[in-house]
Amino acid sequence: MTAILQVRDIQKSFGGVQAVRGVSFDVHEGEILGVIGPNGSGKSTLFNCILGQLLPTGGSVSVDGRNVTGLRPSELNRLGVSRTFQLLQVFPRLSVRENLILAGQEHRGSRLGRLFGARDAGLGPEADRMLDFFRLTALAHEQAGSLSYGQQKLLDAAMAFMAGSRLVLLDEPAGGVNPTMLGGLRERLAAINREARATFVVIEHNMEFVMALCTRLIVLAEGQIIAEGTPDEVRRNPAVI
Amino acid sequence: MLRRTLALAGLAAAGLWSGAAAAQDIVLPGVLELSGAGAVSGTMFRNGAAMAVEEINAKGGILGHKIKFEVVDTASDPGKARAAIQRALDEKPIAILGPVFSGSVSATEKLTADAEVPQIMGGEAAPLTLQGSKYLFRTSFGQQSSMPKIANYLRDGIKAKSVAVVFVNNDFGKGGRDSIVKELAARNIKVVADVSTESGQADFAADVIKVKGANADAVFVYLNEEESARFLREAKKQGLNKPLIGETTLLGQKVIELAGDAANGVKGHVGLTIDAPIPAVQEWAKKYEAKFHSKSDHNGIKGYIAPYMIKVAAEKVGKLDPKAIAAALHGMTITPAQEPGILIEATWDGAGDIDRISFLGEVKDGKQVITQTLPKLKP
Amino acid sequence: MTDLLQLLIAGLATGAIYALAAIGFTLLWQTSQTINFAQGEFVMLPAFFALIAMNWFHIPLPIALVLAVLASMLLLGAVFRYAVVGPLLGRGVLPLVISTLALSVLMKESVKEFVSAQAESFPTLVPDLVIHFAGLSVSIAQLGMLVISLAAIGLLQWFLGGTRTGRQMQATAQNPTVARILGVPVERMILYTFLINAALAAIASILISPIYLAKFSNGETLGLIAFVAAIVGGFNQVRGAIAGGLLVGVLDNLAAAYVSTAYRQAIPLILLVLIILFRPQGLLGRKEERAV
Amino acid sequence: MSTRHSLLLGLVLLALLALIPADLTNLGIPYPGLKRYGTYILTLWLVTAIAAMGVNLIVGYAGQETLAQAAFLGIGAYLTAIAGKHGVPFGLCFIGSGIVAFIVGIALGFPALRVQKHYLAFVTLAFSVLAWLVFRNEAEITGGVMGVRDIARPIVFGFKLRNAVHFYWFVLAIAAVLTFALWWILQSPWGRAFTALRENPLRAESLGVDVRLYTLLAFALGSAYGGMAGSLYAPLVEFIDPSPFALGPSLLFMLMVVVGGSGTFFGPFVGAGVAVLLPEWLRAWENYYLMIYAVAVMVLMALFPGGLVGLVAFFTRKRSRL
């Protein structure tokens with residue numbers, strides 16, 4: 001198994017505060033890696049450094065062995081890395097289907113071609129498949145802003161897969177989703193991992209959700225990794241409690 | 001859908017459709033600067049004209065017809081002025097009053113010429129009457145008439161060999177600057193500093209330093225009233241001790257009021273002023289102040305005489321025909337004896353330029369004093 | 001050399017006024033993301049408050065000036081905060097830009113229509129004497145302008161850095177969310193910045209009007225320059241606005257004297273573009289992270 | 001609304017607009033058309049609306065602020081007026097105006113958009129004043145404060161457009177093409193990207209949308225609309241001077257778009273209509289109309305930041321619910 005993502009000694013400080021102090025890990029093809037830790041342990045900062053939203057103060061990020069440190073999010077995305085955000089991030093005034101098409105369109109054809117070509121940039125069938133997969137078909141033409149929170153979360157996750165990304169970083173996908181929806185979401189994520197061999201990194205507070213979904217976990221505290229292993233190993237690790 | 005409804009509603013409300021009923025009254029529209037940079041001048045011109053129209057109507061109108069005077073705002077913008085003239089022309093007017101800004105006049109004079117309607121305007125820039133329009137008439141000296149007088153004064157009165165020119169960079173100031181530079185060159189007087197300023201400029205420190213550094217025999221100041229005042233105050237502060245020479249706007253009451261004793265000693269040519277040593281003008285100024293609760297400047301007088309020009313010309317030709325009125329105004333002389341509303345005897349030449357007496361004055365002890373009356377150019 | 005000194009003094013005096021207006025700009029921006037397009041009119045109006053008090057109600061000058069400052073704090077501070085900005089907070093920058101733009105038109109037109117369409121002379125507290133030494137001529141009024149505005153700025157700096165309320169205001173300016181968590185009464189702090197802005201504008205108005213006359217349209221140039229000064233100095237720092245104001249004042253005078261009077265306005269703007277190209281956080285501004 | 005319905009609606013509106021100023025009495029319909037002034041105002045509305053469409057693309061779709069639309073109008077107007085005097089045909093002037101404005105837009109936007117959100121506003125502010133200074137001071141080329149007089153109306157296929165209604169039809173045709181082009185852009189994936197980057201640039205960026213490039217394109221395209229509007233403005237007014245291209249009018253363009261409804265397709269038309277026709281409506285109030293307008297704008301912003309189109313949408317929605 002080769003490492004899709006290699007994170008080496010990432011550091012980030014804001015003014016005098018060290019939010020991330022040298023974190024390293026690999027993510028291998030097909031795995032679902034969970035990142036857990038208390039509030040303020042540097043999880044989101046780490047994500048933002050990996051994905052180019054923030055420039056790390058030190059360290060490097062590689063995708064498929066290529067150094068991508070400091071690339072902008074859109075450039076990373078075109079290399080097959082996508083993400084969701086902790087807070088809900090759909091486009092409320094676009095329809096659900098439009099949201100999905102948008103998520104994929106920048107990966108299709110040339111920019112000029114998109115101006116003169118088909119309105120859906122040839123992504124219609126794929127969007128419909130995705131709608132079907134995430135059970136959103138009935139809502140395809142609703143404005144995304146009018147969906148329930150859980151439905152928006154599903155859409156948010158679905159968008160991350162539209163580009164055919166091989167590596168998806170999910171920032172608290174379960175946050176605020178009601179328990180009924182939660183099972184569906186987990187099941188869909190597991191399914192897409194299985195069927196499309198998509199690789200995930202998941203930040204999550206909901207331990208039950210993480211334990212059930214992830215194949216491997218790392219535990220972050222005060223900007224450092226304090227434990228690593230399978231869900232069971234982590235559960236038994238005294239440092240985690 | 002919405003936009004069409006709105007547009008239609010707007011057009012209907014504004015009476016822009018063809019075939020609006022023609023009134024019995026004489027239509028005399030004003031197209032003037034009621035807002036924007038020219039608001040002060042335009043408003044005075046309007047007030048003056050409104051005063052005259054009221055008087056004329058009280059005495060039975062022109063040839064038995066009452067005048068309907070309506071003003072459209074140009075917002076001091078030539079594009080809007082053009083639209084406003086277009087609108088005014090649609091009403092089949094006997095003449096159009098305004099605009100005051102030379103730029104706006106320049107943008108509109110072709111329209112009135114095409115429509116063969118006299119345009120009695122307040123602009124002073126030299127080129128306006130050189131475009132060959134047979135329908136454009138001035139109410140005050142064009143810069144090509146006033147600048148030679150100032151150049152003569154600089155040569156004969158001040159005996160200046162070199163002059164620093166300070167002007168405001170707008171149609172009024174730039175036009176005056178171009179005229180005076182030409183006149184000075186013709187008299188072998190060197191322009192040693194050529195300082196452009198902005199209208200509304202507050203800080204004249206650098207401009208005065210530039211003028212001082214030029215060390216000219218005299219300084220020609222061609223700014224609007226309030227900028228004149230600011231310039232004079234800064235000049236006094238920095239001890240600029242050269243003769244400061246200007247035109248009507250430098251010696252005005254407003255400048256004296258704002259500049260205080262910094263205005264003392266300023267000299268220049270005054271084309272038209274409410275301080276003119278003529279009883280009719282001073283009486284008129286009092287009447288204006290009583291009516292509008294503010295003092296007029298020369299723009300009020302300009303506006304005031306305009307309806308009387310139309311009245312005299314119309315009565316001379318005996319009909320309300322714009323084309324005939326314009327033709328009659330060319331070469332016409334109107335005296336106060338003939339029509340008191342004209343205030344000072346004036347003559348219009350074939351190009352529409354006005355000729356009348358003017359004055360040399362200076363500011364002494366916070367008052368404008370007329371030192372000499374200059375005769376008409378072609379008495 | 002004396003010319004240069006003369007220009008520097010004149011530039012610093014006007015620059016201090018720009019700084020007063022620019023500080024208010026940055027304060028409002030920091031605490032409430034308000035880009036106040038009526039800032040120039042805020043400096044124009046208080047002089048007319050004083051003129052109205054003196055001419056209509058025959059109140060003596062010193063009292064009229066105090067009343068003008070108080071009226072500004074009430075109308076341009078509190079009323080502006082609650083009636084204009086209040087309903088638009090949290091809706092992004094654009095509605096506020098448009099609303100303050102409309103406000104500037106309203107203020108200009110009201111003064112023109114109801115007070116005076118022409119420039120009015122404005123009395124001064126400091127005698128308009130001129131002292132000459134070493135070839136320089138400096139008016140006491142000009143020196144007074146410089147001294148009083150610098151004193152006001154000094155007082156503000158002391159207030160922001162040296163008092164509890166001041167530090168709370170700074171916390172609010174830097175991060176309202178965190179400030180709220182730390183127990184800072186954020187709402188009240190925002191109101192304070194509006195009051196301070198109005199007071200600074202009123203001081204600027206009272207200082208500048210005796211020299212430059214009071215006129216309804218004075219705010220147009222002032223607002224633009226204050227805006228430019230704030231950006232040049234650094235939009236997120238009070239001391240940046242001070243430096244920006246003084247710099248733009250001096251630069252304007254030097255440009256007029258040594259470059260071209262016709263293009264004097266261009267020089268500060270070219271500086272602005274260069275700053276954005278090479279030091280986008282402004283001369284003294286803090287660098288902001290690529291936002292998340 | 002489906003694509004076909006949108007196009008049909010567009011064609012109906014176009015036909016109606018074409019008929020408004022025309023005298024139909026010869027066809028047996030008792031409709032006298034508009035006076036010359038009415039036609040002029042209608043043409044001015046179209047020209048203003050073209051520039052406002054550009055502002056809407058920048059402000060309403062890309063979520064940026066431009067304080068220089070009037071300066072771009074000026075670029076187009078001066079280019080057309082001056083090149084026209086040297087015998088360059090109008091078609092070339094018009095396309096050239098659009099291209100020059102587009103290039104200037106790229107040159108301004110590229111450095112500004114490297115930085116933060118509001119820096120484009122700052123750069124356009126500086127550009128706006130600088131352009132105005134050049135228009136004023138380079139009198140050799142631009143005529144300075146005295147402006148350029150007697151700008152000729154274009155000749156299309158040997159057909160002179162002196163007649164006000166003919167020129168109106170000409171402008172209407174161009175406006176229709178430009179409206180269609182903008183509609184097309186907004187329907188394409190580009191439009192989706194514009195909407196996305198206005199609503200949530202961060203998320204858009206993470207989905208591979210090159211926010212910087214799309215913003216730059218929106219700004220340059222919007223500016224090009226300004227340039228082309230300027231190219232029509234010059235022959236419409238037949239006189240140009242620097243005053244309509246100053247900073248103040250640029251601010252008014254932003255105001256007009258937001259008042260109309262930024263980010264809505266018809267917003268710019270409504271906003272331009274209000275701006276052009278308002279002085280006509282409020283003529284009775286003469287001195288007070290600007291004050292009334294200002295207060296109305298402030299109230300509108302407080303209650304309906306979606307502008308007039310948003311206001312109408314709000315009420316029609318309400319009614320349909322009852």
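This is a predicted model: local features need pLDDT of at least 70, side-chain atom pairs count only at pLDDT 80 or more; totals for chains, interfaces and linings use all residues.
1. Of the 379 residues in chain B, 60% are buried. Here a residue is called buried if 20 or more other C-beta atoms lie within 10 Å of its own.

2. Next, the make-up and overall form of chain B. You will find 12 helices and 17 strands in this chain. Its radius of gyration is 21 Å, close to the 21 Å that the globule rule gives for 379 residues, so chain B is as compact as a globular protein of that length. Taken along the principal axes, the box filled by the C-alpha atoms of chain B is roughly 65 × 55 × 40 Å. As for contacts in chain B between residues at least 6 apart in sequence, 66% of them join residues at least 24 apart.

3. One sheet in chain B is a friendly place to begin looking at detail. Three strands form an open sheet in the order 13-14-15, and their pairing is antiparallel. Strand 13 (333-334) and strand 15 (354-355) of chain B each have a single partner strand, which means that they stand at the edges and one side of each is left without a neighbour in the sheet. Strand 14 of chain B covers residues 346-348 and is joined to strand 15 by two bridges, with the two strands running antiparallel. To locate this pairing on screen, look for Thr347(B), whose bridge partner in strand 15 is Asp355(B).

4. Now turn to chain C. Its secondary structure comes to 11 helices and two strands. Reading from the N terminus, the order is α-α-α-α-β-β-α-α-α-α-α-α-α. The radius of gyration of chain C is 19 Å, close to the 19 Å from the globule rule for 292 residues, so this chain is as compact as a globular protein of that length. The C-alpha atoms of chain C fill a box of roughly 55 × 50 × 35 Å along the principal axes.

5. Burial and contacts can be read for chain C as well. Buried residues account for 58% of its 292 residues. Among contacts in chain C between residues at least 6 apart in sequence, 73% link residues at least 24 apart.

6. Finally, where do chains B and C meet? The contact takes 25 residues from chain B and 24 residues from chain C. On the side of chain B that touches chain C, the elements that each supply at least two residues are helix 2 (39-58), strand 9 (190-197), helix 7 (205-214), helix 8 (225-237) and helix 9 (253-259). Helix 7 of chain B gives the most to this side, with six residues. By type, the residues on this side of chain B divide into nine nonpolar, eight polar and eight charged.

How values were computed: Residues are numbered from 1 along each chain as its sequence is written. Chains are lettered from A and ligands numbered from 1 in the order in which they are written. Two strands pair if DSSP finds at least two bridges between them. Helices (H or I, at least four residues) and strands (E, at least two) are DSSP runs, numbered from the N terminus. The radius of gyration is taken over C-alpha atoms; the globule rule is 2.2 Å times the number of residues to the power 0.38. A residue is buried if 20 or more other C-beta atoms lie within 10 Å of its own, exposed if 12 or fewer, and partly exposed in between; C-beta atoms are placed from the backbone. Two residues are in contact if their C-beta atoms, placed from the backbone, lie within 7 Å. Ala, Val, Leu, Ile, Met, Phe, Trp, Tyr, Cys and Pro count as nonpolar, Asp, Glu, Lys and Arg as charged, and the others, Gly among them, as polar.
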